Amino acid sequence: MNIVFSTTRQWNPGDEFILLGCINLLRDHLGEFNPIIFNRHPQIRRSRKRDIIKIIDNLLGKDFIEKFSDNSVKERIDMDYADLVVFAGSPEWRGKRLTKLYDSIAQYNIPALFLGLSSGSGSINVNAEHFTPHEITALQQSELITCRDCSKQDLEDNSYNLNIHNLPCPALFSSKKEKEIHSVKKIALMYGSDKAFRDNNVSQNTYKYLMKAYEFILTNYSDEYQVEFVAHYIDELPLFKKDFPQEVLRYSYDSKDYLDIYNAFDLVIGHRVHGVGIAASMSIPGIMIAHDLRSETVNGFAASKINVGTDLQELKALINSKINNIEEENKKLLKHKNDYKDVFLNLLAGTSIKKGAI
């Protein structure tokens with residue numbers, strides 16, 4: 001089987017953690033298949049109505065589409081090879097950047113699954129005003145839609161009779177292995193800055209709180225525990241050197257390396273939803289520093305949450321509670337993951353998407 005996954009590559013590792021989870025679930029359900037990506041990286045696949053590069057190429061008599069050389073689904077090549085399309089989470093699962101994908105689903109009658117949709121606002125709000133006919137048809141015909149932050153209206157009141165299930169983000173299944181933790185020895189702090197590139201940064205208010213909280217954690221815990229930082233985006237490397245010149249930072253260009261990076265820790269703390277998620281997949285407990293609506297996703301990772309601005313003594317009490325109960329929390333996470341894996345696989349088993357059936 002050829003399965004096309006809508007994701008980003010070399011943009012946000014969190015998207016690739018979701019992709020890993022989707023691939024693991026589908027391989028458990030289907031066995032082996034060829035994974036293909038529809039790369040939504042904003043520099044690879046533009047979505048502007050008036051793209052200056054296309055305008056210039058048209059004036060020069062050249063074909064911009066022929067220049068698309070990324071090793072992913074191309075605009076000019078038919079998608080008649082695809083057996084299934086999987087929208088692998090994230091808030092961007094519709095819109096101009098995905099026109100080629102939805103048009104191909106309609107043209108070749110390709111079945112589609114939507115796993116781990118996020119609205120960023122707590123409602124997927126499907127309507128004819130903001131969705132194209134091809135988008136609405138693909139959603140209506142999908143045999144499985146899971147949403148990581150569905151509103152009550154999405155689940156009970158949608159006028160298109162969509163088959164929606166409110167379930168954890170598939171990043172919960174990004175790791176095939178889990179870690180057994182008996183005590184906390186090493187703590188990960190996720191570094192973020194307001195000066196990183198748009199959509200991979202945080203607000204100035206969040207950045208100030210992270211710096212304050214991390215200095216507090218280093219002061220109170222680094223004598224007894226090994227505390228290190230993790231970055232997800234390259235812009236954060238030089239910024240970290242200025243903020244914490246004496247501390248250790250872990251980073252990799254390859255999203256799969258984060259399985260090993262986070263596996264070295266026993267507790268993770270930070271603002272990255274899917275940093276908490278990939279850790280949860282390894283049964284490593286997390287504390288989310290919530291700074292936007294996407295933070296609700298960590299409920300599916302059985303993580304604790306504090307809001308930006310929370311008193312640092314309250315944060316300290318939460319960290320102490322995690323440390324003192326780490327073995328129990330580790331076991332609960334393993335059960336949580338296995339229970340929801342059964343739910344996903346049972347739902348997949350109820351669809352027509354079966355090995356040899358497509």
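This is a predicted model: local features need pLDDT of at least 70, side-chain atom pairs count only at pLDDT 80 or more; totals for chains, interfaces and linings use all residues.

Reader: What is the handedness of the crossing where α6 passes α10, and which residues of α10 do the meeting?

Author: Where α6 passes α10, the crossing is right-handed. From α6 come Tyr209, Lys212, Ala213, Phe216, Ile217, Asn220 and Tyr221. By class, this contact of α6 with α10 has nine nonpolar, three polar and two charged residues. The residues they meet in α10 are Leu312, Gln313, Leu315, Lys316, Ile319, Asn320 and Ile323.

Reader: How are α1 and α11 oriented to each other?

Author: Helix α11 spans residues 326–349, and its axis and that of α1 come within 10 Å. The two axes cross at roughly 55°, and the crossing is right-handed. With that angle, α1 and α11 are therefore oblique to each other.

Reader: How many residues of each class are in the contact of α1 with α11?

Author: On the α1 side, the contact is made by Leu25, Leu26, Asp28 and His29. On the α11 side, Lys341, Phe344, Leu345, Leu348 and Ala349 take part. Sorted by class, the contact of α1 with α11 has six nonpolar, one polar and two charged residues.

Reader: What is the handedness of the crossing where α3 passes α4?

Author: Helix α3 (residues 99–108) packs with helix α4 (residues 133–141) at an angle of about 60°, and their axes are 9 Å apart. In α3 the contact is made by Tyr102, Asp103, Ile105 and Ala106, and in α4 by His134, Glu135 and Ala138. The crossing of α3 past α4 is left-handed.

Reader: Now for the pockets! Which residues lie nearest the centre of the largest pocket?

Author: The largest pocket has a volume of about 930 Å³. Its lining divides into nine nonpolar, 14 polar and 13 charged residues, and α1 (13–30) and α9 (273–281) each supply at least two of the lining residues. Of the 36 residues that line the largest pocket, those nearest its centre are Trp11, Asn12, Arg198, Asp199 and Asn200.

Reader: Which element gives the largest share of the lining of the second largest pocket?

Author: The second largest pocket has a volume of about 360 Å³. It is lined by 15 residues, and closest to its centre are Leu19, Leu20, Ile23, Arg27 and Lys256. The largest share, six residues, comes from α1.

Reader: How many charged residues are in the lining of that second largest pocket?

Author: Sorting this lining by class gives seven nonpolar and three polar residues. The charged residues in the lining of the second largest pocket number five.

Definitions and conventions
Residues are numbered from 1 along each chain as its sequence is written. Side-chain values use heavy atoms; hydrogens and water are left out. On a 1 Å grid over the protein atoms alone, a cavity is a set of points where a 1.4 Å probe fits but cannot get out, and a pocket is an open set with protein on both sides within 12 Å along at least five of seven lines; lining residues have an atom within 4 Å of a point. Grid points are joined across faces, edges and corners, and a volume is the space filled by probe spheres set on the points. Helices (H or I, at least four residues) and strands (E, at least two) are DSSP runs, numbered from the N terminus. Ala, Val, Leu, Ile, Met, Phe, Trp, Tyr, Cys and Pro count as nonpolar, Asp, Glu, Lys and Arg as charged, and the others, Gly among them, as polar. Axes are lines fitted to C-alpha atoms, for helices over the stretch in contact, and angles run from 0 to 180 degrees between N-to-C directions. Angles under 35 degrees count as roughly parallel, over 145 as roughly antiparallel, 65 to 115 as roughly perpendicular and the rest as oblique. A crossing is left-handed if the near helix is turned anticlockwise from the far one by less than a right angle, and right-handed if clockwise. Contact means heavy atoms within 4.5 Å.
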